[in-house]
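I opened this structure for the first time today and kept notes on what I looked up. The entries follow the order in which I worked.

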Amino acid sequence: MARQLKWQLGTVVEIRQETPRAKSLILDLPGWTPHLAGQHVDVRLTAEDGYQAQRSYSIASPPEDKYLMLTVERIEGGEVSPYLVDELRVGDQVELRGPIGGYFVWDARDEQDGGSPLFLAAGGSGMAPLMAMLRHRANSGATVPTRLLYSSRSHEEIIYREELDRLSADDPSLRVIHTLTRRRPPDWAGYGRRIDLAMLADTAWKPAEKPLAFACGPTALVEAVADYLLELGYEPERIKTERFGPTGG
Amino acid sequence: MAEKIISRGFKGRARETDRALRERVPPGQYETKEFPVLSAGPTPRTPLGRWDFSIYGEVAEDLKWTWDEFLKLPRETFKTDIHCVTKWSKLDTVWTGVSVDTLLAGVDLDAQPEVRHLVAFCDGGYTTNLPLADVRNGKAWVVYEYDGRPLAPEHGGPARLLVPHLYFWKSAKWVRGLKLVREDRPGFWETAGYHNYGDPWKEQRYAGD
């Protein structure tokens, strides 16, 4: 029998406003089992009357970091995300357990996957687990050719924007491509529509290069990316998906 | 943790006042009216002309139905609650499909009491394991309609397994066959950190729970 994942207490050491609707919570968790990039945790909140609510959040920090980062997007009318985004303060404690999930993960040291060109497609806060992969990739000095196609509503809603700029500026083997679906700065030269087949044909690795693809975001985006990559000739088992639906979160 | 850690300032949503309704949502779950989609890879789309369903493995003779044959099997329409390990529960979902009892009617299970497990195989390579007892006696179906309409591909159509008393990952999407086996064989999520059995009322989410 496997060892049970115990609930642990994390202390908020920093809160970072990423976008108008998203914050990163940086947590100190003594005795944390190192995770793999792409894994998630369960967060549990308890009200004074004993009522509890649980939700899953992807880990945005790489395994090498001292602290755990969760990036939470505020969902209007949600139960847990408005609390985490609006109420939580530095010094507060949060119960969580993990790391969870052994499929939607990328490990630079993995002999097979570590050498394949990476294609990452993200929508909104679905960027979080892919950010863990990019940070892990940078920390391990991996040079595996990587492209990120990231769909955001507007320029100010791009999560980790400056860090993505910095990572790609420092690394010729990493290319970051943005598309802005609702509002664009006047001088925007990038894509300005939802991810479609033509965009993927332009940005994704060719199937002959044996790429590995990860897609994370709202269901419609993930379904579209997976369908189009199949159409472009990707092997189904080389497309890993994770959904971030606003489902009462 | 024996002592409850109160989350300062957390109130949570309005508590369900209907006790009967409240008691239908397992611990750690919340009710949603939506129907979220979760899967680990692309949605497979097998043309119905090439679709079939098999019962195989530890059986005297494999059983196989084409799509047309499958639709002619006795169907049941029923209402049930479903519980996803990602914390959402959906109450009073309406499904139509074939009871697994009907599919297993041609197998002499009493003659082979040592065969106690099965693995569901699916398009796209997904697998999940179940004790045979958990799909017998009106506990499981292979469904092809949701809410009176053909089951959408992203929800597992043309047909998915439905085992509502276990977490929803056991209700394998795009199911194409049940393989009867003697030894339990953990499936896709069961080998990726999730619980082998998955009883939502015991909160068996992850290995070790």
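The notes below take up chain B and then a sheet in chain A.

I noted that this is a predicted model, in which local features need pLDDT of at least 70 and side-chain atom pairs count only at pLDDT 80 or more, while totals for chains, interfaces and linings use all residues. Residues are numbered from 1 along each chain as its sequence is written, and chains are lettered from A and ligands numbered from 1 in the order in which they are written.

Chain B. I looked up the secondary structure and found three helices and 11 strands, where helices (H or I, at least four residues) and strands (E, at least two) are DSSP runs numbered from the N terminus. Along the sequence of chain B I read the pattern α-β-β-β-α-β-β-α-β-β-β-β-β-β. The radius of gyration of chain B is 18 Å, close to the 17 Å that the globule rule gives for 209 residues, so chain B is as compact as a globular protein of that length; the radius is taken over C-alpha atoms, and the rule is 2.2 Å times the number of residues to the power 0.38. I also noted that the C-alpha trace of chain B spans about 60 × 35 × 35 Å along its principal axes.

Chain A. I found an open sheet of six strands in the order E4-E3-E6-E1-E2-E5, with antiparallel pairing (two strands pair if DSSP finds at least two bridges between them). Its edge strands are E4 (52-58) and E5 (68-73) of chain A, each pairing on one side only. Strand E3 (residues 40-46) of chain A is joined to E4(A) by seven bridges, and A:Thr46 stands opposite A:Gln52 in E4(A).
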